[in-house]
Amino acid sequence: MSTEPPEYIAAVHPTFDQYRNKYPHVAMERHDGILQLTLNTDGDSLEWSFEVHHELGYCWQEVGSDPDTKLIVLTGAGDSFIARAARNYRAKTPDAREWIFDHTEAKRLVGAFLDIEQPIVAAVNGPSFGHIELPLLADIIVLADDATLRDPHVKNGLVPGDGVHVILPLLLGLNRAKHYMLTGKTIEPQEALDLGLVAEVVPKAEVLPRAWEFAREIMEAPESVVRLFRPTIMQHVKQRMLDGLSHGLMLEGMAALDRWPSEKR
């Protein structure tokens with residue numbers, strides 16, 4: 001069974017050539033239907049910024065809508081998956097109007113990632129300072145032996161409301177997830193494996209090749225199975241996110257607005 005769309009639908013689908021160089025923070029290459037997305041800032045480890053926050057949701061929408069992409073490998077450049085926040089990120093507390101925009105963008109960032117129907121293999125190449133919901137929402141996660149995971153919201157004076165508050169309790173159980181979020185405790189690689197957050201921990205140099213091994217193994221299944229697996233398995237996660245994401249973002253916004261006195265906004 002082919003999953004190629006009818007000609008009249010294919011005519012409006014994005015093509016790789018149309019979007020491959022469209023997103024500055026996502027380097028792309030595709031081989032045999034497997035699309036590698038490498039998060040980066042100027043070719044090095046990604047620094048999270050307003051531009052990244054805005055860009056990724058639209059990127060997920062396009063790559064997920066391309067029928068010639070059969071599977072996605074998501075990784076980072078340099079030594080970290082997400083190195084740090086950019087210097088200008090959250091330099092001031094946003095006002096209500098700005099947070100309304102952020103609220104919309106954050107829903108797209110997570111929602112469009114969950115709407116991707118192609119399987120996603122995450123090759124977490126190094127530590128992630130935050131936004132660990134992204135690799136944790138992949139289907140197979142390979143972690144480098146120096147890659148740590150951490151949710152910094154509470155330690156940074158914010159409520160964890162951007163999706164991590166949904167996925168961590170699903171993966172860890174409610175009480176353990178609350179512990180990690182409230183304390184900002186770093187999850188070490190072996191700990192992540194023991195907790196069931198990731199599939200494997202491998203030496204740093206092997207993390208991307210191992211992810212590609214998984215990708216090629218998955219591609220041996222019938223094409224229709226490859227395409228229908230993720231929407232089948234992730235439906236209940238999407239429902240949980242639909243119930244909790246907007247609410248969490250609004251509460252995060254309330255905490256952000258209270259973070260500094262109004263005269264500093």
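Helix α9 buries V207, A211, W212, F214 and A215, where buried means under 20% relative accessible area with a 1.4 Å probe and protein chains only (exposed is over 50%, partly exposed in between). Look down the axis of α9 and those buried residues fall within an arc of 155 degrees, so they line one face of the helix; the arc is taken from the directions from the helix axis to the C-beta atoms. An α-helix has 3.6 residues a turn, so residues three or four places apart point the same way.

This is a predicted model, so local features need pLDDT of at least 70 and side-chain atom pairs count only at pLDDT 80 or more, while totals for chains, interfaces and linings use all residues. Residues are numbered from 1 along each chain as its sequence is written, and side-chain values use heavy atoms, with hydrogens and water left out.

As for length, the twelve residues of α9 (207-218) should span 16 Å at 1.5 Å a residue, and the end C-alpha atoms are 17 Å apart, which agrees. The expected span is 1.5 Å times one less than the number of residues. Helices (H or I, at least four residues) and strands (E, at least two) are DSSP runs, numbered from the N terminus.

| Strand | Residues |
|---|---|
| β1 | 26-31 |
| β2 | 34-39 |
| β4 | 71-76 |
| β6 | 120-124 |
| β7 | 140-144 |
| β8 | 200-202 |

These six strands make an open sheet, ordered β1-β2-β4-β6-β7-β8, with mixed pairing. β1 and β8 sit at the edges with a single partner strand each, so one side of each has no neighbour in the sheet. From one strand to the next, the twist averages 20 degrees. β6 and β7 pair in the parallel sense over four bridges (strands pair if DSSP finds at least two bridges between them), and V124 stands opposite L143 in β7.

Over in helix α6 (residues 164-172), the buried residues are V164, V166, I167, L168 and L172. They pack against α5 (133-136), α7 (174-183) and α11 (235-257). Just after α6, G173 takes a positive phi of about 95 degrees.

Helix α11 also holds E252, which is buried at a relative accessible area of 6%. Leaving out residues up to four places away in sequence, E252 touches W99, H153, L158, V159, P160, G161 and D162, with contact meaning heavy atoms within 4.5 Å.

How confident is the predictor? The chain averages a pLDDT of 91, and 89% of the residues score at least 70; pLDDT is the predictor's confidence in each residue, from 0 to 100. Over residues 261-265 pLDDT stays under 50, and the model has five contacts beyond four places in sequence for them.

Terms used: Axes are lines fitted to C-alpha atoms, for helices over the stretch in contact, and angles run from 0 to 180 degrees between N-to-C directions.
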